[in-house]
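Dear colleague,

I am handing over the structure below, and after it I set out what was found in it. Please read the notes alongside the coordinates.

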Amino acid sequence: MRVIILEEDSKRKEKMEYLVRTAAERLKVIVCSRIEEAIRAALEEKIHLFIVDLTFDRERSCFTGISFIKWIRRTIEYYNAFVIVTSDLIDKDLIMYKEYHVYKYYERPFRETELQNDIKGLQIMMKLMKLKGMDPDDQYIMVKSEDSFYKIYLRDVLMIEKKSKYDVLYMKDMEAMKLPKYVLKGLIENIDNLDAADFFYCNRSNIVNSQNLKKINEAENYAVLENMERTVPISEQGKEHLRKYLGLYQKRRRAGKKTEDKAFGEEAEKKVAGNVVEKSSIHNGLAELKNIGKGT
C-alpha cells in the first residue's frame, strides 16, 4: 500500500512518518512538505492513502492542506481515495466528512494506536478486495481471438463497442479486437458488479472505462478517452451513469438557468470554457494551485 503524508511542521512530519511506517508491513511512505511535491508524487504512481495535516496559517491567512484535499477530490483517479486528516482545529470535522468525504478526522492530541489501527485496517481491506477480484489493478479477463487466448487487464480496456453481430474491444497499446458476441457477454452483463466508477454505459452502444477518461464535454455531450482520437457521444441515459459513477453531472435546472456542478463540494472550480472537465496533469495541477493560493 502506498501512502502520502503532507505535513509542513518538521517535528510532526517526522513523528507521523514513524507512526505510519511502524503501523504495518510493506508500506511505501512518501513524505511531502509542500503540495507541489504531493501532487507530483500522486501523479507518478497510484496512491492508496493520503494523510493530510490541516491547520490555519495566520501569516498567510489560509488553511494549510485544504488545497490538496480539494485537488484529490477533483482528480478522477482519486475522487474516492482514502483520506485521513490530522488537525488542531475543533470545528472542521463535519465539513471534512460531509464535503470532502474523508475516511477519518483526527483532532490533536489523538491516540496514536488508533491511527495505526486504521492504517492496518485499510491495508487488510485492500488485500481482501484483491482476493475478491475487486481491485481494478488486478482484474482481468481471458479473451479468445481466432486461435489465441489473450489476458486482458480491465485497467487497459478503453471501451467496448456493441454491434449487432459482434463487439469491438478497444485497449491501450493494442489494435481493436473484433469479437463474437458471446466472448464479452459475461463482462457486459455484469457491468454493475464491477468495482465502482470503472465501467459504465456512455450510450446504448458504448461502454467506457472511467479510469481512462481524458475529457468530458458537458456542453456538447461527448467524452474523449486516453489513446483514442474519436469522441464518444453521451446520451441522456449516459448522463445518469455519469452522475452515478463520476459525480460530474447534476440534474439541469429549469430552462434559462445554468447547470451547477456540486459533485465535489461547494468549493469546486467554476466551469472552464466550454464546460470541459479534463484529467489533471502535473502542468495544469500546479497551475491550478496558483489560483487557489500559496498555502498547502
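Helices (H or I, at least four residues) and strands (E, at least two) are taken as DSSP runs and numbered from the N terminus. This is a predicted model, in which local features need pLDDT of at least 70 and side-chain atom pairs count only at pLDDT 80 or more, whereas totals for chains, interfaces and linings use all residues. Residues are numbered from 1 along each chain as its sequence is written, and side-chain values use heavy atoms, with hydrogens and water left out.

I begin with backbone geometry in the loops. Arginine 26, in the loop between helix 1 and strand 2 (28–32), has a phi near 55 degrees, which is a positive value in a residue other than glycine. Arginine 26 is also exposed, with a relative accessible area of 80%; here buried means under 20% relative accessible area, exposed over 50%, and partly exposed in between (1.4 Å probe, protein chains only). Asparagine 221, which is not a glycine either, has a positive phi of about 60 degrees; asparagine 221 is found in the loop between strand 14 (213–217) and strand 15 (222–225), and at 22% relative accessibility it counts as partly exposed. The loop between strand 6 (104–107) and helix 5 (112–131) contains proline 109, and the peptide bond that leads from arginine 108 to proline 109 is cis, with omega near -5 degrees.

Next comes helix 1. Helix 1 (residues 10–21) has twelve residues and reaches 16 Å from its first C-alpha to its last, close to the expected 16 Å, where the expected span is 1.5 Å times one less than the number of residues. The buried residues of helix 1 are Met16, Leu19 and Val20. They cover an arc of only 95 degrees around the axis, which puts them on the same side of helix 1; the arc is that of the directions from the helix axis to the C-beta atoms. The face turned away from that buried side carries the exposed residues Ser10, Lys11, Glu14 and Tyr18. At the start of helix 1, a side-chain oxygen of aspartate 9 comes to within 3.2 Å of the backbone nitrogen of lysine 11.

Five strands form an open sheet in the order 11-10-9-13-12, with antiparallel pairing, two strands being paired if DSSP finds at least two bridges between them. Strand 11 (174–180) and strand 12 (199–201) stand at the edges with a single partner strand each, so one side of each is left without a neighbour in the sheet. The twist averages 20 degrees from one strand to the next, with axes taken as lines fitted to C-alpha atoms and angles running from 0 to 180 degrees between N-to-C directions. Strand 10 (residues 166–171) pairs with strand 11 in the antiparallel sense over five bridges; among the bridge partners in strand 11 are methionine 174 for methionine 171 and proline 180 for tyrosine 166. The hairpin of these two strands has two residues between them, and aspartate 173 takes a positive phi near 55 degrees there.

Last, the cysteines. Cysteine 32 is buried, with a relative accessible area of 2%, and cysteine 202 is buried, with a relative accessible area of 1%.

With kind regards

Note on methods. A polar contact is a pair of N or O atoms within 3.5 Å; within protein, one must be able to donate a hydrogen and the other to accept it, and residues adjacent in sequence count only if both atoms are side-chain atoms.
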